[in-house]
Structure formats: C-alpha cells, structure tokens
Amino acid sequence: MFNKEIVVRCESGLHNKQVTYFVQKANEFKSSIWLENENRKMNAKSLLGIMSLGIVTGTTVTLSADGPDAEEAVNALETLLLRDVY
C-alpha cells in the first residue's frame with residue numbers, strides 16, 4: 001500500500017469540474033484508491049463518495065492506493081489536488 005498526506009491547493013477544492021476530473025483519473029488505474037479526510041474514508045473512484053467529503057482548499061487529506069500501479073496513481077491524483085482544472 002502506498003500513502004501520501006496532501007494539502008489540497010486547488011482553489012475550488014473538490015467540487016464540480018475538479019471532482020469529475022479527479023474521479024475520472026482515479027478510474028484509469030487498476031489499484032484500489034482511497035481518499036481520507038479526518039475520520040471519513042471514501043473510494044476515490046466514486047463521484048458521490050468524494051463529493052460527500054466536502055473537501056475545500058487548505059484541507060489535509062490522505063490519499064492511499066493498493067495494487068500494481070499504486071504509487072503512480074497516488075502521484076497522478078496528487079497533481080490534481082494541487083492545481084485547478086480548466
């Protein structure tokens with residue numbers, strides 16, 4: 001399992017377009033991927049699950065993945081949490 005703690009820097013947080021791109025990117029990987037905020041952990045491949053976390057700019061989250069491409073998945077998704085999608 002590969003874990004990384006990340007401070008969300010995208011201005012919109014994980015809402016609207018940003019969350020859509022995040023979930024689409026997560027679904028490109030074979031690994032099981034999870035996003036955790038405080039004591040809530042959701043499947044990163046679930047649009048409603050991620051939106052229900054209510055992640056805003058400045059929130060610290062833990063991104064974890066388990067599978068053949070776990071490190072690659074976490075690093076790719078981290079990139080989306082650090083910038084806005086246009």
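**Salt bridges and their setting**

Modeller: Lys 4 is partly exposed, its relative accessible area being 24%; buried means under 20%, exposed over 50% and partly exposed in between, with a 1.4 Å probe and protein chains only. This is a predicted model in which local features need pLDDT of at least 70 and side-chain atom pairs count only at pLDDT 80 or more, whereas totals for chains, interfaces and linings use all residues. Residues are numbered from 1 along each chain as its sequence is written, and side-chain values use heavy atoms, without hydrogens and water.

The partner of Lys 4 is Glu 78, in a salt bridge whose closest N and O atoms are 2.9 Å apart. That pair joins distant parts of the chain, since Lys 4 belongs to strand S1 (residues 2-7) and Glu 78 to helix H3 (residues 70-81), 74 residues apart. Glu 78 itself is buried, at 19% relative accessible area. A salt bridge here is a side-chain nitrogen of Lys or Arg within 4 Å of a carboxyl oxygen of Asp or Glu; the whole structure has 2 of them.

The other salt bridge joins Lys 25 and Glu 28, at 3.2 Å from N to O. Lys 25 is partly exposed at 27%, while Glu 28 is exposed at 54%.

As for the fold, the elements run β-α-β-β-α-β-α from the N terminus, giving 3 helices and 4 strands; these are DSSP runs, helices (H or I) of at least four residues and strands (E) of at least two, numbered from the N terminus. Of the 86 residues, 41% count as buried.
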